[in-house]
Amino acid sequence: ASKKKANLAFMLIADMKADGISPTVRHYNACLHCCKFKTAKIVLNDMLDESKKDIPKPDLISFNTVINAAAESGRKEDALSILRSISSRHGIKPDQFTYNSCISALSHGETAEAMALKKEMEENGIFPSIHTYKSILKSCAIKGNSELAMLLLNDMEKWNIKACNHCMNFTIQACSVNENKKSAKMLIDKLRCEGR
């Protein structure tokens, strides 16, 4: 289904050009949204190619869409590489979505890298969101890092972010893997008191 959508989107771009209409970056971003990572990366490279004057230059949404496609494909190195190139080579400031997509790509146990990105985003004046925490807590659950998971729950309160059920469940899993039964029981009791 995704491939059909991408093909249709590119056919529409070709039709626009044939009719003398110049597609904008918004049109290309819609195409990128339909693509899997491999195709999205090719389109992004075309948008960056200075010799292709008929193709608009990418904006932050373009980069974010390709980073998200990389994250969804499990290509964390590609997601991080694009993040690093956004500001250093293209002069575009990453936003919360950019960082959250990269942190999501690291949610399979790369807790230290995910925490480093969270710190970087905060240093750049970008507030973490529930998605930031959910991805890092998922990584904590996989690694059994209950200490960090509990610290993250406390950190969420600092940002006035209410822990969703996923965050609580990932923290309980981290406590269970690490045999931190006291903390796990405390969290379960808290959920029951809140009626969750």
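**Entry 1: helix 10 and helix 11.** I looked up the handedness of the crossing of helix 10 and helix 11, and it is left-handed. I keep in mind that this is a predicted model. Helix 10 covers residues 165-177 and helix 11 covers residues 181-193. Their axes come within 8 Å and cross at roughly 155°. Angles over 145 degrees count as roughly antiparallel, so helix 10 and helix 11 are roughly antiparallel to each other.

Next I asked which residues of helix 10 and helix 11 meet. From helix 10 I noted N165, M168, N169, T171, I172, C175 and S176. Their partners in helix 11 are S183, A184, L187, I188, K190 and L191. Sorted by class, the residues of this contact are seven nonpolar, five polar and one charged.

**Entry 2: helix 8 and helix 9.** I moved on to helix 9 (residues 146-158), which packs with helix 8 at an angle of about 170°, the axes being 10 Å apart. Helix 8 is therefore roughly antiparallel to helix 9. On the helix 8 side I found I130, Y133, I136, L137 and C140, which meet L148, A149, L152, L153, D155 and M156 in helix 9. I counted ten nonpolar residues in this contact, no polar ones and one charged.

**Entry 3: S139.** I stayed in helix 8 (residues 130-143), where S139 lies. Is S139 buried or exposed? Its relative accessible area is 0%, and under 20% counts as buried, so S139 is buried. The side chains of S139 and T111 are joined by a polar contact of 2.7 Å. Setting aside residues up to four places away in sequence, S139 touches L106, S107, H108, G109, E110 and T111.

Definitions and conventions:
Residues numbered from 1 in each chain as written. Predicted model: local features only at pLDDT ≥ 70, side-chain atom pairs only at ≥ 80, totals over all residues. Heavy atoms only, no water. Axes fitted to C-alpha atoms, helices over the stretch in contact; angles between N-to-C directions. Helix = DSSP H or I, 4+ residues; strand = E, 2+ residues; numbered from the N terminus. Parallel < 35°, antiparallel > 145°, perpendicular 65-115°, else oblique. Left-handed = near helix turned anticlockwise from the far one by under 90°. Contact = heavy atoms within 4.5 Å. Nonpolar A, V, L, I, M, F, W, Y, C, P; charged D, E, K, R; others polar. Buried < 20%, exposed > 50% of the residue type's maximum accessible area, 1.4 Å probe, protein only. Polar contact = N/O pair within 3.5 Å; in protein donor to acceptor, adjacent residues only side chain to side chain.
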